[in-house]
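This report describes the architecture of a two-chain model. The sequence and structure are shown first, and the description follows.

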Amino acid sequence: MTAWLAVLGRELRLALRHPADALAAVLFFLLVAALFPFGVGPAPETLARLAPGALIASALLAALLPLDRLWGAEADDGSLDLLLLSGLHPALLALAKACGHWLTTGLPLLLATPIAAAMLNLPTEAWGTAMIALGLGSALLSLLGTAGAALTLGARRGGVLLPLLVLPLAIPAVIFGAAAIEAAAGIVNPRPMLLLQGALLALALPLAPLAAGAALRGE
Amino acid sequence: MLQAHDLACWRGERLVFAGLGFTLAPGAALQLLGPNGAGKSSLLRVLAGLLPPFDGSVTWDGEDTRIEPAAHARRTRYLGHQDALKPALTARENLTFQARLAGGDVDAALAAMDLTPLAELPARLLSAGQKRRLALARLALAPAPPWLLDEPTLGLDVASVARFGAMLAAHRAQGGAVLAATHLPLPLPDAGELRLEPAP
């Protein structure tokens with residue numbers, strides 16, 4: 001447990017030393033969300049109709065940004081050997097990295113959600129649901145992305161391969177997340193959709209770290 | 001006691017070494033010699049458990065180390081040819097992370113490699129030799145029976161090599177064993193030699 005917390009603590013400390021990385025993801029999220037009004041036109045009803053899907057898709061794209069350096073940076077400076085020899089099971093190591101990724105990328109995105117939601121003219125009563133749906137969706141992406149980054153580690157052009165591998169797996173999160181936000185905007189109960197998203201997360205929570213651990217050990 | 005039995009290693013399409021066997025007894029030191037590409041680093045990675053052997057086995061006190069890789073990782077200290085330092089963290093923070101994983105006294109380890117004056121400096125400001133000293137200071141944190149070192153003295157000045165020599169002597173006096181791949185003379189008195197020849 002101490003070793004697990006030590007790895008997570010190091011992730012957070014490194015993120016605090018380089019706040020630009022988290023900020024870049026947040027700005028990317030806001031910019032992508034801001035592109036929709038330009039493309040679709042300023043009609044408020046059309047925008048509000050598009051908002052749920054646009055919001056969740058841009059958040060997932062933004063959360064992908066720091067993933068290709070997640071293991072790459074550790075492998076480049078030799079720290080990966082140190083981590084693998086820490087006595088911590090590789091799957092737990094991957095879980096610590098995924099938690100670190102969510103805390104340093106997913107959480108800032110969550111805090112920026114109201115700004116993006118306002119730009120997309122999402123009804124204010126759906127903002128709370130949007131934050132929950134985005135929180136669950138980005139946590140799922142952190143887990144899938146950690147496994148994807150471990151698999152593409154050492155591959156030439158791993159940075160391109162990673163989204164191709166991870167984004168198809170994130171489709172269910174987009175479907176249920178957008179449906180939940182849409183339900184909340186239409187004053188319908190979004191609970192079933194959020195529960196389905198939670199179920200996806202519960203499935204990925206043990207499986208993705210195990211896959212990442214196996215990939216790291218075989219590297 | 002670390003033992004290698006009939007080890008073989010493939011890298012890519014090439015057999016690096018095969019039929020390699022030796023024993024690393026407590027207090028013993030072995031220098032791993034051989035030209036570039038002879039498989040010195042690969043052998044160290046196999047012994048540390050970072051690379052599965054293609055054939056043969058590594059045992060610790062008679063038990064195969066691949067049965068419980070976590071236990072083997074905890075009792076071994078591996079120093080790769082990279083320093084494994086995070087440039088954004090200070091020298092002290094880099095060592096503290098390792099101390100939280102494996103225990104040990106950070107201040108004593110810093111002093112062992114004369115790094116106390118540099119403790120609060122980010123690792124990215126350290127010179128290559130100072131980074132190497134910081135990586136070596138990791139060995140001084142907590143005792144571990146076998147040390148597997150890949151070119152430990154690369155880039156070190158004379159005074160630091162002498163300090164490292166004192167660390168090695170103390171480690172061996174406590175019954176620790178050392179296996180070091182090197183091209184430079186190491187401060188390891190009466191060390192055995194293990195010579196790797198490139199496979200044809």
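## Strand pairing, domains and chain contact

In chain B, Trp60(B) stands opposite Glu63(B), a residue of strand 5. The model is a predicted one. The pair belongs to strands 4 and 5 of chain B, which run antiparallel and are joined by 2 bridges. Strand 5 of chain B covers residues 63–64. The hairpin formed by strand 4 and strand 5 of chain B has 2 residues between the strands, and Asp61(B) takes a positive phi near 50 degrees there.

Strand 4 of chain B also pairs with strand 1 of chain B, again in an antiparallel manner. Here 5 bridges join residues 2–11 of strand 1 to residues 55–60 of strand 4 in chain B. Within this pairing, Gln3(B) has Thr59(B) as its bridge partner.

A separate description applies to the parallel pairing in chain B. There, 5 strands form an open sheet in the order 6-7-8-3-9. Its edge strands are strand 6 (77–79) and strand 9 (192–195) of chain B, each of which pairs on one side only. From one strand to the next, the twist averages 15 degrees. Strand 6 of chain B runs parallel to strand 7 (residues 146–150) of chain B, and 3 bridges join the two. Leu79(B) stands opposite Leu149(B) of strand 7 of chain B. Helix 1 (residues 40–48) of chain B packs on this sheet and touches strand 3 (29–33), strand 6, strand 7 and strand 8 (177–181) of chain B. The direction of helix 1 of chain B makes about 150 degrees with that of strand 7 of chain B.

| Strand pair | Direction | Bridges |
|---|---|---|
| Strand 1 and strand 4 of chain B | antiparallel | 5 bridges |
| Strand 4 and strand 5 of chain B | antiparallel | 2 bridges |
| Strand 6 and strand 7 of chain B | parallel | 3 bridges |

Chain B is divided into domain 1 (1–76 + 144–200) and domain 2 (85–142). The C-alpha centres of domain 1 and domain 2 of chain B lie 23 Å apart. Contacts between them involve 12 residues of domain 1 of chain B and 12 residues of domain 2 of chain B. On the domain 1 side, helix 6 (residues 158–173) of chain B gives the most, with 4 residues. That side of domain 1 of chain B comprises 7 nonpolar, 2 polar and 3 charged residues.

Chain A has 10 helices and 0 strands. Its radius of gyration is 18 Å, close to the 17 Å that the globule rule gives for 219 residues, so chain A is as compact as a globular protein of that length. Along the principal axes, the C-alpha atoms of chain A fill a box of roughly 55 × 30 × 30 Å. Buried residues account for 48% of the 219 residues in chain A. Of the contacts in chain A between residues at least 6 apart in sequence, 82% join residues at least 24 apart.

Where the two chains meet, 18 residues of chain A are in contact with 17 residues of chain B. Helix 1 (2–17) and helix 5 (79–84) of chain A each supply at least two residues to the chain A side. Helix 1 of chain A gives the most to this side, with 7 residues. The chain A side that touches chain B divides into 6 nonpolar, 7 polar and 5 charged residues.

Methods: Residues are numbered from 1 along each chain as its sequence is written. Chains are lettered from A and ligands numbered from 1 in the order in which they are written. This is a predicted model: local features need pLDDT of at least 70, side-chain atom pairs count only at pLDDT 80 or more; totals for chains, interfaces and linings use all residues. Two strands pair if DSSP finds at least two bridges between them. Axes are lines fitted to C-alpha atoms, for helices over the stretch in contact, and angles run from 0 to 180 degrees between N-to-C directions. Two residues are in contact if their C-beta atoms, placed from the backbone, lie within 7 Å. Domain bounds come from an automatic or database domain assignment. Ala, Val, Leu, Ile, Met, Phe, Trp, Tyr, Cys and Pro count as nonpolar, Asp, Glu, Lys and Arg as charged, and the others, Gly among them, as polar. The radius of gyration is taken over C-alpha atoms; the globule rule is 2.2 Å times the number of residues to the power 0.38. A residue is buried if 20 or more other C-beta atoms lie within 10 Å of its own, exposed if 12 or fewer, and partly exposed in between; C-beta atoms are placed from the backbone.
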